[in-house]
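Please look through the sequence and the model shown below before reading on. The paragraphs that follow begin with a single residue and then widen the view.

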Amino acid sequence: MLQERTMLQDWCLLSDEQQIALSRQALSQALRSVVVQAECLAYAIETGDLDDRGGPEALRLFAQLVRQAGRAEEAGGHA
């Protein structure tokens, strides 16, 4: 609990620009993580390591949508 309060206090000490930059960086990392997981799942389905319950192509489509959303976010637009 103390650590959470310290982190919140530290966050509040950051300027709005710093908070936005850190938030965007975290979002970008999250997007990359989701893309990698979708690609890994698609590969596992293709190689037979996981049962095909929707197909690797659906996962790749999802990964592409996430990539496009990330590019739009980096460009300052909306997905």
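Gln 19 lies in helix α2, which covers residues 16–46; helices here are DSSP runs of H or I with at least four residues, numbered from the N terminus. The model is a predicted one, in which local features need pLDDT of at least 70 and side-chain atom pairs count only at pLDDT 80 or more, while totals for chains, interfaces and linings use all residues. Residues are numbered from 1 along each chain as its sequence is written, and side-chain values use heavy atoms, with hydrogens and water left out.

With a relative accessible area of 17%, Gln 19 is buried, a word that means under 20% relative accessible area with a 1.4 Å probe and protein chains only. Leaving aside residues up to four places away in sequence, Gln 19 touches Trp 11, Cys 12 and Leu 14, where contact means heavy atoms within 4.5 Å. Other buried residues of α2 include Ser 28, Leu 31, Val 35 and Ile 45.

Just after α2, Gly 48 adopts a positive phi of about 85 degrees.

How does α2 lie against helix α3 (residues 56–74), and at what angle do they pack? The angle is about 165 degrees and the axes are 8 Å apart, the axes being lines fitted to C-alpha atoms over the stretch in contact, with angles running from 0 to 180 degrees between N-to-C directions. The two helices are therefore roughly antiparallel to each other, a label for angles over 145 degrees.

How values were computed
Buried < 20%, exposed > 50% of the residue type's maximum accessible area, 1.4 Å probe, protein only. Parallel < 35°, antiparallel > 145°, perpendicular 65-115°, else oblique.
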